[in-house]
Each structure stands twice: as C-alpha cells, then as structure tokens.
Amino acid sequence: MFGVFAAGATENTAASWSRSLKRTHDMFVADNGKPVPLDEESHKRKMAIKLRNEYGPVLHMPTLKENFKEKGPQNASDSYGHKQYPANQGQEVEYLVTGTHPYPPGPGVALTADTKIQRMPSESAAQSLAVALPSSQARVDANRAAPAGGSDRSQPAGMTLAVMEGGNAKNSALMAKKAPTMPKPQWHPPWKLYRVISGHLGWVRCIAVEPGNQWFVTGSADRTIKIWDLASGKLKLSLTGHISTVRGVIVSARSPYLFSCGEDKQVKCWDLEYNKVIRHYHGHLSAVYGLDLHPTIDVLVTCSRDSTARIWDVRTKASVHTLSGHTNAVATVRCQAAEPQIITGSHDTTIRLWDLVAGKTRVTLTNHKKSVRAVVLHPRHYTFASGSPDNIKQWKFPDGSFIQNLSGHNAIINTLTVNSDGVLVSGADNGTMHLWDWRTGYNFQRVHAAVQPGSLDSESGIFACAFDQSESRLLTAEADKTIKVYREDDTATEETHPVSWKPEIIKRKRF
C-alpha cells in the first residue's frame with residue numbers, strides 16, 4: 001500500500017517539477033518556441049513508474065535470450081535499480097518456463113543450454129512482450145502464469161488481465177494507421193485502327209486466332225465460317241455447313257481441328273487437313289451460344305440457350321456431363337487447367353464455377369444485376385472478369401472472391417478479352433470499345449469506330465474481340481459485317497498521352 005502511495009507521490013512531484021521548469025523557462029528565455037530540454041533523471045523515473053504501473057503484472061514473465069546477452073548475465077540490474085543475481089552463482093541453474101514463451105509450449109518444461117533465459121526481464125523486453133501479447137492470449141496467460149520469483153508482483157487474474165488488455169489497447173491506439181493507398185495505373189499506349197476486313201454477308205458473331213498466329217477464323221450470321229490470313233487480311237477459305245448463324249469458333253492447339261457451334265443447335269468438328277466436318281456433337285435442345293476447349297485434356301465445353309452447358313469427349317463424341325443449374329440461357333463459357341476448370345455466365349445474371357469431375361456447381365456468384373454475356377480469364381493471374389450492362393467485375397479464383405468493379409461502360413457488353421500486359425478490352429452492343437488497366441480498373445481509352453460505308457449507323461456493334469498470339473494486334477468482329485484490326489500507336493509516349501487518373505474516394509464498391 002505504502003509503495004503505491006510513494007509511487008503516486010513521486011509521479012506528482014516529477015510532474016510539478018516539470019511544470020515549474022517550464023514556467024521558469026518561459027520567464028527567463030526570450031525564445032518561447034525553443035523546446036524544453038529533456039531531463040534524463042526525471043524521464044528515467046517517470047518511465048520506471050509507468051512501467052511498474054502498466055506492466056507490473058507481466059514483468060515476472062521470461063524475456064528473450066538476446067536481451068540477456070546484451071545486458072550481460074552478471075550483476076544485471078532492472079529499471080528500478082534493484083540488482084539481480086543468479087540464484088546459485090558459479091553453478092548451472094535450471095530455469096523453468098511458467099508462461100507464454102517462444103521456446104517450449106507447456107509450463108514447467110526445462111530449457112536446454114542453448115535456450116536459457118533471464119528470469120527478470122529488462123524494461124524494453126517487458127514492454128515489447130506486453131505489447132506483443134494479443135488480448136485473447138493474455139486471457140489464457142493471466143489464468144495460467146504464476147510469478148517465478150517475486151510474490152510482490154502477484155495480483156488477481158482479473159486485474160492482471162484488465163491491466164494487460166488496457167496496455168494493449170493503449171499501445172494499439174498509439175500506433176500510426178497506414179493510410180489507404182490507391183496504386184497508380186500502369187501506362188499503356190493507345191490502340192488505333194489500321195485495317196478493316198470485309199467479306200461476310202451478315203453480322204460477324206465470333207472470332208478466334210489459331211495457335212501458330214498465321215491465320216484467324218470468323219463465324220457469321222451468313223452461316224459461313226471464313227479463314228483469313230492474319231498478316232495480309234486476305235480470305236484464305238470459306239467453310240459452309242451450318243444452317244443458321246454461327247455463334248462460336250475455336251481452333252485446337254492439340255490437333256488440326258476447328259470447332260464451331262451455332263443457332264442451329266449443332267456443334268461441329270472440322271478437320272483442317274481435309275476442310276470437312278468429321279464429327280457432330282448432338283444433345284443441345286436449343287441454340288448453342290458459345291464453346292471452349294480445355295487446355296490440357298481432350299474435352300470440349302459448349303453452352304446453350306437451353307440453360308445448360310455440356311462437356312463432350314472430343315474423340316468419342318460422348319456427352320460426359322450436362323451442367324445444369326442456370327435458369328436462363330448460358331451465354332458464355334471458359335475453361336482453364338486449374339480449379340475451377342469451367343466458368344459459365346448466364347442471362348439469369350449469375351456466374352457459376354464448376355467442378356469438372358463431379359459435373360456440379362462449386363460456387364454461384366450473384367453480384368451482377370443483369371445478364372452476364374462475357375467472361376474472360378487473365379492469362380497470368382489467378383483471376384477473371386465478367387461483363388454485364390451494370391458493371392464489369394473482377395474476381396479471384398478459386399472461390400470467386402470479389403476484387404473490384406470497372407464502371408463506366410454503360411452498354412450491353414458482348415465481349416471481353418485481356419492480354420498479359422494487363423490491357424482489358426470490353427466491346428459493347430452500341431459499337432463502343434473501352435480499354436482498361438486490369439490492376440487498377442483505370443479506363444485509359446474509349447474507341448467508337450465508324451461503320452463501314454453503306455451500313456446504317458445503327459449497325460454499330462461489337463460481338464467478339466480477340467488478341468492475336470503475339471498480343472500486338474486486336475481483332476474485333478462487328479455488326480457492320482467487317483472485322484477491324486487495331487494495333488498499338490508506336491508514336492505515343494507518356495507525355496503525349498498522359499494518365500489522367502482521378503481515383504474515387506470509395507473505389508472498390510462491394511456490389
């Protein structure tokens with residue numbers, strides 16, 4: 001009791017002495033802005049009282065061996081001036097762990113010669129130990145720990161806990177909070193139109209570039225599939241066989257096959273050595289809107305207006321799974337080698353991530369408010385994006401964690417594509433194309449190319465887009481019956497096209 005009064009009196013004396021010093025300083029010194037010099041003795045006394053008051057209950061706890069080495073094992077003294085002597089000088093002492101400690105986990109476990117520690121911690125060690133203890137851990141240790149040597153430091157467990165938690169809260173409040181930072185977008189050169197390819201007699205609905213980067217293929221509402229030379233833009237071949245609009249094409253990287261699907265419910269496999277259909281995949285009950293090939297196994301996935309996606313064995317033509325669960329037309333499907341291996345977007349506003357082996361839904365994402373017509377997977381990151389008239393949203397695999405919204409493309413988004421530099425392209429039903437920085441969601445360019453002469457202005461729409469394999473060219477399939485080819489502007493620099501970046505205060509909205 002006397003000790004507490006003495007400590008309080010000493011603290012009051014130190015405080016009044018400090019105030020008196022300030023008054024004297026103000027009276028005799030002309031420069032009032034000059035700080036009062038710190039008195040070493042009063043500061044040391046003040047810190048010693050504060051340490052005992054705030055961390056007294058945990059001062060009996062062991063400290064790290066490093067502090068022991070710094071202070072020196074012999075005749076070390078604590079912050080109150082009490083000398084500390086080993087229990088048995090000149091002989092080995094077995095120290096026991098009685099509380100939370102970085103070495104053995106349980107109480108009463110003897111330490112080895114390498115991990116012996118000081119029984120009385122230094123001031124700095126006790127402070128760091130008390131600050132580092134979380135409140136939940138403190139609750140356990142307050143009940144479990146017993147004083148190692150001094151009975152004068154023992155207090156009821158509840159009081160110990162209160163003091164420790166109070167100290168934690170105080171120290172956490174003093175810690176400077178890191179200000180939220182918005183990463184600055186990477187500069188990308190703008191893209192410019194350099195070629196318009198015409199030849200189709202109807203809307204160009206789909207496009208794909210072959211893995212060798214020599215040619216690309218398009219499918220159209222004129223029921224034909226056309227193969228074009230990528231370098232010159234000249235027509236190489238036309239394939240006929242569908243009896244309605246061709247809605248999806250893809251070229252296999254594993255075999256000389258081209259796959260196509262259309263509104264005639266048909267899924268065809270073309271052998272490009274003979275330019276003939278060699279397989280049909282029967283099963284969909286309505287128009288087939290999209291298809292994709294699995295990158296590592298011979299599996300084809302198609303999606304349809306019949307609200308299902310189907311998994312086909314390429315070689316046997318067997319329907320391996322019917323992925324049912326969507327309640328409206330499935331507009332887009334994507335495959336990847338990692339889990340989840342299949343991603344679908346639907347007019348029922350949901351995105352589903354599928355388990356390929358079980359043929360069942362792993363996750364359903366319901367954040368979109370309107371139809372999801374486009375999904376794209378990032379070629380390097382474990383992320384993907386989905387496009388809808390309300391927003392473009394970015395997600396993280398494997399559970400579909402929401403990352404951010406890309407707002408501003410206020411139109412029906414038909415197509416998305418992204419390259420490994422982080423340029424995301426969204427193409428819309430009104431003919432506009434927006435280019436975004438993937439990481440920050442910054443919209444660095446907006447394009448609305450003029451329609452082909454002789455077409456109506458209303459025939460301005462982008463149905464599909466794709467980068468070539470070198471990612472130096474961007475191809476768009478449009479409603480004015482043309483294919484437009486874009487490339488980066490070589491003359492552009494960061495000075496001529498600066499990043500005009502004004503982040504919102506609340507950038508990453510939840511939905």
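Predicted model: local features only at pLDDT ≥ 70, side-chain atom pairs only at ≥ 80, totals over all residues.
One of the pairings can be picked out by residue: K268 has H280 in β9 as its bridge partner. Zooming out, β8 and β9 belong to an open sheet of 4 strands, ordered β6-β7-β8-β9 and paired antiparallel. The edges are taken by β6 (246–251) and β9 (276–280); each has a single partner strand, so one side of each is left without a neighbour in the sheet. On average, neighbouring strands here are turned by 30° against each other, direction ignored.

The loops hold a few backbone details worth a look. The bond from E339 to P340 is cis, with omega near -10°, and P340 sits in the loop between β14 (330–335) and β15 (342–346). F397 and P398 are likewise joined by a cis peptide bond, with omega about 5°; P398 is in the loop between β20 (392–396) and β21 (401–406).

Positive phi values turn up at two non-glycine residues. R223, with phi of about 75°, lies in the loop between β3 (215–220) and β4 (224–229) and is partly exposed, at 46% relative accessible area. K481 has phi of about 70° and is found in the loop between β27 (473–478) and β28 (482–488). K481 is partly exposed too, with a relative accessible area of 30%.

Conventions: Residues numbered from 1 in each chain as written. Heavy atoms only, no water. Pairing = 2+ DSSP bridges. Axes fitted to C-alpha atoms, helices over the stretch in contact; angles between N-to-C directions. Buried < 20%, exposed > 50% of the residue type's maximum accessible area, 1.4 Å probe, protein only.
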